[in-house]
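Biologist: I would like to go through this structure with you and ask what stands behind each label. Please set each value against its cut-off.

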Amino acid sequence: MSNVDLEYGRLISQSHEQELPLTVAEFWSGFDDYLALQKALGGHEDTKLLTGGGRPNNGVNAEVAFAFAGGETREVLWQKDDTNHIWVMGLPQPNVMFSYYRATVSVWQAEQTTKARLTIDGVLVSEKEKERQITLDTLAKFLPTRINEISDLVLQRDGLRMSLKLKLNYSIDDFWKIVSNWSDISWVMGATSMEDLGNDIRRVHFGDVALEEKLDSATEETHTLVYSVLKSAMPVSMYQGTLRLKCKGDNKLVLYYDSVFLPREGLDRKTVKNAIEQGFSQRLEWMKNKFN
């Protein structure tokens, strides 16, 4: 970031571009409902749709509001180009951070993958250079997460779900130490080796086949682990698994496994679900034999 970007009153611009696990059509469907999308972006669950004054409930000129940094922020959908897949949203009035703010998302089919770009243009309110620096640093930190939030919205809305459970005669603390250690693959059926790729991403090898997984969270208080599959031979474009352990007495626990996954475009959803359920049922049976 140059010193010019920190000049008071200057229009700044930051962008992030990345590959997507979804097709253009799948990702673009995340923009169908403006209110639902805005609730997903940044986790503003208190986001409400503003009505009256000729505002539409959805589409261009729809407006939402939510609490932000001690004040209220309003955001209006300025453009939704379904042909070129360009979406633009902005502030109809200044908020506590920006006197002007515009967010532009574009998605396109690259040579071998789908790509999306998010660009933020804005003018910062603060006259203090240190405060402007903090705002820009925060923006740069959270910018890469927004595209993933849109993909996750599609996954949670359209994905298939699976729930399994397993009773084990095992100490919950000892078992949690195993599964929460992201380098430990002793509880992964068929795993032969593991590579640490950094940023909580690992590549697990099953002989000549491998998959890449990202640890999303591990909460010791509730013995809950959430992870996402980034690359695999499974017939899915996105997959998120949640493992929860519940103590049922001394050296007794119940393992609850829930997942949501999106079949690859063109595949039969029922067939994919049956295959995923069969595969993970076998894994839990193997786990029962290994750890009981």
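Biologist: Why does Arg157 count as partly exposed?

Modeller: Arg157 has 41% relative accessibility. Buried means under 20% relative accessible area, exposed means over 50%, and partly exposed is in between, with a 1.4 Å probe and protein chains only. The value of 41% lies in between, so Arg157 counts as partly exposed.

Biologist: What kind of model is this, and how are residues numbered?

Modeller: This is a predicted model, in which local features need pLDDT of at least 70 and side-chain atom pairs count only at pLDDT 80 or more, while totals for chains, interfaces and linings use all residues. Residues are numbered from 1 along each chain as its sequence is written, and side-chain values use heavy atoms, with hydrogens and water left out.

Biologist: What makes the contact of Asp158 with Arg157 a salt bridge?

Modeller: The term asks for a side-chain nitrogen of Lys or Arg within 4 Å of a carboxyl oxygen of Asp or Glu. The closest N and O atoms of Asp158 and Arg157 are 2.7 Å apart, so the pair meets that limit. Asp158 is partly exposed at 28% relative accessibility.

Biologist: How many salt bridges does the structure hold?

Modeller: There are twelve. One of them joins the side chains of Arg244 and Asp258, at 3.5 Å from N to O. This pair links distant parts of the chain: Arg244 is in strand S13 and Asp258 in strand S14 (residues 253-263), 14 residues apart. Arg244 is partly exposed at 27%, and Asp258 is partly exposed at 24%.

Biologist: Which residues do salt bridges with shared partners join into one network?

Modeller: The network consists of Arg55, Glu63, Glu72 and Arg74. Within it, the side chains of Arg55 and Glu63 meet at 2.8 Å, N to O.

Biologist: Is Glu63 buried or exposed?

Modeller: Glu63 has 8% relative accessibility, so it counts as buried.

Biologist: How do you know which parts of the chain are helices and strands?

Modeller: They are DSSP runs, numbered from the N terminus: helices are H or I with at least four residues, and strands are E with at least two. The chain comes to five helices and 14 strands.

Biologist: Why is the pair of Phe66 and Phe68 called edge-to-face?

Modeller: The structure holds 14 aromatic pairs. In this one the ring centres are 6.5 Å apart and the planes stand at 80°, so the pair is edge-to-face. The rule is that rings of Phe, Tyr and Trp (its six-membered ring) pair if their centres lie within 6.5 Å; planes under 30 degrees apart count as stacked, over 60 as edge-to-face and the rest as tilted. Phe66 is buried at 6%, whereas Phe68 is partly exposed at 24%.

Biologist: What makes Tyr239 and Phe280 a stacked pair?

Modeller: Their planes are 10° apart and their centres 5.6 Å apart. The pair links distant parts of the chain, with Tyr239 in strand S13 (residues 236-247) and Phe280 in helix H5 (residues 269-291), 41 residues apart. Tyr239 is buried at 2%, and Phe280 is buried at 7%.

Biologist: Which residues form one aromatic cluster?

Modeller: Trp182, Tyr227, Tyr239, Tyr257, Phe261 and Phe280 form it.

Biologist: Where does Lys167 lie, and why does it count as exposed?

Modeller: Lys167 is in strand S8 (residues 160-168). At 63% relative accessibility, Lys167 counts as exposed.

Biologist: Where is Asp174, and is it buried, partly exposed or exposed?

Modeller: Asp174 lies in helix H4 (residues 172-180). With a relative accessible area of 40%, Asp174 is partly exposed.

Biologist: Where does Asn181 lie?

Modeller: Asn181 is in the loop between H4 and strand S9 (193-198), and at 36% relative accessibility it counts as partly exposed. Asn181 and Ala218 are 37 residues apart in sequence and 9.3 Å apart in space, C-alpha to C-alpha.

Biologist: How much of the chain is made up of buried residues?

Modeller: Buried residues make up 43% of the 292 residues. The C-alpha atoms fill a box of roughly 65 × 45 × 40 Å, taken along the principal axes.
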